[in-house]
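The following account leads through a protein structure, from one pair of side chains to the overall fold.

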Amino acid sequence: VTVPVMTLLGGDTPGELEGYGPIDPETARQLAGHAPSFTRILTHPFTGARLGADATTYRVPQDLKDAVRVRDGTCRHPGCNRLAVFCELDHTTPWSQGGKTSYGNLASLCKRHHMFKTEGYWHYQQPDPGTIIAISPLGETYLTTADPPPAPPAPAPPAPEIPPPF
């Protein structure tokens, strides 16, 4: 059962029963009230894309993979231009050290740079989602930022008024 938190708090957005479809808010609240546990999933408020998952999930859901790859565009190692679609997703703070599977802790790294990180040659930090600080084996630091999403197109200028021919 998937239930929006605002529905649990009395809202009127329907829940969803997997394999069945939408269910009314009251039924969703009743089912959630009898659930032995919950899994919190953070989603984008407009698109519904999953942006984060509980620390109990190591595997990255497809919609979160897509969101990170779109944000990153390429491998996030300084100077690498391998397209993100061909990269591996890496937990910036490793899963084994308490890193979460979330938008702010994942980054695209090509196979080579992912291996350099895993082997301990390079270290990475992500103070904000999409902002990567790469630390070289010699201690040099490099800051890379994800390109911001494109701005919406500017509205077309109004057509000049042409007086009627009469």
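**Charged pairs and the fold around them**

In this predicted model, D90 has a relative accessibility of 7% and counts as buried. Its partner in a salt bridge is K117, with the closest N and O atoms 3.0 Å apart. K117 lies in helix 4 and D90 in strand 5, so the pair ties together parts that are 27 residues apart in sequence. K117 is buried as well, with a relative accessible area of 14%.

A salt bridge also joins E88 and K111, at 3.1 Å from N to O. E88 belongs to strand 5 (residues 88–91) and K111 to helix 4 (residues 111–118), so this pair links parts that are 23 residues apart in sequence. Here E88 is partly exposed at 27% relative accessibility, whereas K111, at 61%, is exposed.

Helix 2 (residues 25–33) has P25, A28 and A32 among its buried residues. Seen down the helix axis, the buried residues of helix 2 fall within an arc of 60°, so they line one face. Their cover includes helix 1 (5–8), strand 1 (15–17) and strand 2 (21–23).

As a whole, the protein contains four helices and nine strands, in the order α-β-β-α-β-β-α-β-β-α-β-β-β along the sequence. Of its 166 residues, 31% count as buried.

Technical notes:
Residues numbered from 1 in each chain as written. Predicted model: local features only at pLDDT ≥ 70, side-chain atom pairs only at ≥ 80, totals over all residues. Heavy atoms only, no water. Helix = DSSP H or I, 4+ residues; strand = E, 2+ residues; numbered from the N terminus. Buried < 20%, exposed > 50% of the residue type's maximum accessible area, 1.4 Å probe, protein only. Arc of directions from axis to C-beta. Contact = heavy atoms within 4.5 Å. Salt bridge = Lys/Arg side-chain N within 4 Å of Asp/Glu carboxyl O.
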